[in-house]
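Please examine the sequence and the three-dimensional structure shown below. The paragraphs after it are meant to be read with both in view.

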Amino acid sequence: MPTIVFATPKGGAGKSTSALLLAAELARRGAAVTLIDADPNRPLVRWGGRPGCPENVSVVGDVTERTIINTIETAAQRTPFVIVDLEGTASRMQVYAISRADLVVVPTQGSVLDAVEAVAAVREVQQQEVAFRIKIPVAILFTRTSAALQPRTLSSIASEFEGQGIRVMSVRLHDRDAFRALFSFGGTLASLDPKQVRNIPAAQENASAFAGEVVAILKQQAAAA
Ligand SMILES: Nc1ncnc2c1ncn2[C@@H]1O[C@H](COP(=O)(O)OP(=O)(O)O)[C@@H](O)[C@H]1O
Ligand SMILES: [Mg+2]
């Protein structure tokens with residue numbers, strides 16, 4: 001069953017947020033999800049410890065570079081989706097997790113400086129494809145974009161990625177209070193209090209479109225395989 005790995009050496013790119021949004025949305029659609037928190041800071045384990053974690057999401061934080069492959073494989077037998085959130089630094093943990101990925105999502109914010117690191121992350125995955133003679137689909141995800149404007153820089157960065165043969169997801173995760181709030185309050189977008197958090201429906205729509213595109217990419221890969 002598909003394993004989706006969120007990876008990029010850039011800290012603060014939106015890996016943990018995007019991983020959580022995907023897990024919560026797949027769970028909302030009825031699928032069981034294992035969320036493997038491979039970041040030593042354990043942001044997702046802390047989220048899971050707050051009230052409101054869906055019953056069909058299990059957060060696993062007890063993972064080391066020695067156990068990551070086994071943890072992913074065991075989880076993949078138990079739940080239809082496995083999502084892995086990695087730490088920002090290059091590590092053996094990262095290499096091992098990526099080696100088991102059906103899709104690697106590389107989140108990036110829309111500046112040229114960030115894009116350079118995103119390209120490095122994609123190249124790393126491609127290097128692994130060669131090293132291990134396997135196919136590892138990879139896609140760039142723009143995060144913290146503005147819902148209101150479509151800056152020129154963003155479209156030009158996107159076309160540059162595409163020019164280099166790098167897949168860019170058409171859904172972007174906008175900068176939303178609701179996405180940050182998940183880590184403060186726990187739970188899901190549906191369980192946030194509209195009195196405390198603005199614009200929850202727009203955030204829900206965005207998260208749902210994101211999960212929809214991930215599922216579509218996975219289906220497309222599976223059909224091509
Ligand atoms: N789409 C988003 N909307 C609002 N805030 C976001 C979004 N993505 C990330 N953030 C915020 O940016 C910071 C870094 O995000 P995080 O997901 O922890 O990145 P990473 O896991 O790559 O280090 C956090 O404070 C998080 O709340
Ligand atoms: Mg993180």
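The text that follows treats the pockets of the protein and then the ligand. The model is a predicted one, and the values given here were computed from it.

Rolling a probe the size of a water molecule over the atoms shows where empty space is left. The largest pocket found in this structure has a volume of about 370 Å³. Its lining consists of 21 residues, and those closest to the centre of the pocket are Gly12, Ala13, Gly14, Lys15 and Thr17. Four elements can be located in the model as contributors of two or more residues each: helix 1 (15-28), strand 6 (138-145), strand 8 (173-174) and helix 7 (177-185). Helix 1 supplies the largest share of this lining, namely four residues.

A second site may now be considered. The second largest pocket has a volume of about 190 Å³. Residues from several parts of the sequence line this pocket: Pro2, Ala101, Asp102, Lys135, Pro137, Leu218, Gln221, Ala222, Ala224 and Ala225. By class, seven residues of this lining are nonpolar, two are charged and one is polar.

We turn next to the ligand. The shell comprises 13 residues, and the closest to ligand 1 are Gly12, Lys15, Ser16, Thr17 and His174. By class, the shell contains six polar, five charged and two nonpolar residues.

Individual atoms give a more detailed view. A backbone N or O atom of Gly12 is placed 2.7 Å from an oxygen atom of ligand 1. For Ser16, a backbone N or O atom lies 2.9 Å from an oxygen atom of the ligand, and for Ala13 the corresponding distance from a backbone N or O atom to a ligand oxygen atom is 3.1 Å. Taken on its own, ligand 1 has 550 Å² of accessible area, of which the protein covers 78%.

Terms used
Residues are numbered from 1 along each chain as its sequence is written. Chains are lettered from A and ligands numbered from 1 in the order in which they are written. This is a predicted model: local features need pLDDT of at least 70, side-chain atom pairs count only at pLDDT 80 or more; totals for chains, interfaces and linings use all residues. Side-chain values use heavy atoms; hydrogens and water are left out. On a 1 Å grid over the protein atoms alone, a cavity is a set of points where a 1.4 Å probe fits but cannot get out, and a pocket is an open set with protein on both sides within 12 Å along at least five of seven lines; lining residues have an atom within 4 Å of a point. Grid points are joined across faces, edges and corners, and a volume is the space filled by probe spheres set on the points. Ala, Val, Leu, Ile, Met, Phe, Trp, Tyr, Cys and Pro count as nonpolar, Asp, Glu, Lys and Arg as charged, and the others, Gly among them, as polar. A residue is near a molecule or strand if one of its heavy atoms lies within 4 Å of it. A polar contact is a pair of N or O atoms within 3.5 Å; within protein, one must be able to donate a hydrogen and the other to accept it, and residues adjacent in sequence count only if both atoms are side-chain atoms. Accessible areas come from the Shrake-Rupley method with a 1.4 Å probe; for residues, only the protein chains shown count as cover.
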